[in-house]
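Thanks for coming, everyone. Please look at the structure on the screen while I talk.

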Amino acid sequence: MKRLLLWLPLAGFSFLFGIAALGLIKPADRIVRSHLVGKPLPEFRLPPLAAGKPGLTTADFRQGKPRLLNIFASWCIPCAAEAPQLLRLKAMGIPVDAVAIRDTAPALAAFLRRNGDPYDRIGDDRQSAVQLAIGSSGVPETFVIDGQGRIVLQHVGDIRAEDVDAIAAAVRGAR
């Protein structure tokens, strides 16, 4: 019995070490996914933020044609990194709308001049109310919305070159 008690601390340490190693090998998924995938967009009406572009409403997504909804901000570095991919999607004939989070018109105009402008509409979400209502946890984040205004796909983080074909396919597959 005394021998068993001598090995108990080593067994306890080994157990804790195993749990820590497992946590390092397979880290937790810390991405917050929207529970609205497969459900309609919540009702919203955002005023325009960019000169010459309309604002954004839920009704804009119920016109029978699938679209992308990009959640972004001019102060977001990954948003600038994904801009070429959004321009590529637009060049493929995919309409892209946006919700600008906690932004200003001058900062947004400078962002669009620097990085290009793939957006048909840009809504001003100064309080992040729409962002939170659709289940977005940060910027950038992109949603595929079908022609009836239902969320089909959520892409968390910046869109990279290797993501473009899958996102384009999701838009084309949405009705």
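Two strands pair if DSSP finds at least two bridges between them. Strands here are DSSP runs of E, at least two residues, and helices are runs of H or I, at least four residues, both numbered from the N terminus. This is a predicted model: local features need pLDDT of at least 70, side-chain atom pairs count only at pLDDT 80 or more, and totals for chains, interfaces and linings use all residues. Residues are numbered from 1 along each chain as its sequence is written, and side-chain values use heavy atoms, without hydrogens or water.

Start with strand β3, residues 67-72. β3 and strand β6 (residues 141-145) pair in the antiparallel sense, over five bridges. There, I71 stands opposite E141. β3 also pairs with strand β4 (residues 96-101), in the parallel sense, over five bridges. L68 has V96 of β4 as its bridge partner. Between β3 and β4 the chain crosses through helix α2 (residues 77-91), and this β-α-β crossover is right-handed: with the strands pointing away from the viewer, the path from the first strand over the helix to the second runs clockwise.

Is β3 covered or open? Mostly covered: six of its six residues are buried, meaning under 20% relative accessible area with a 1.4 Å probe, protein chains only. R67, L69 and I71 point one way, and L68, N70 and F72 the other.

Now the cores. A nonpolar core is a set of buried Ala, Val, Leu, Ile, Met, Phe, Trp, Tyr and Cys residues joined through side-chain atoms within 4.5 Å. The largest has 26 residues, and L68, F72, L89, Y119 and I122 touch the most other members. Helix α5 gives the largest share, five residues. A second, separate core of 14 residues includes I71 and I145.

Key: Buried < 20%, exposed > 50% of the residue type's maximum accessible area, 1.4 Å probe, protein only.
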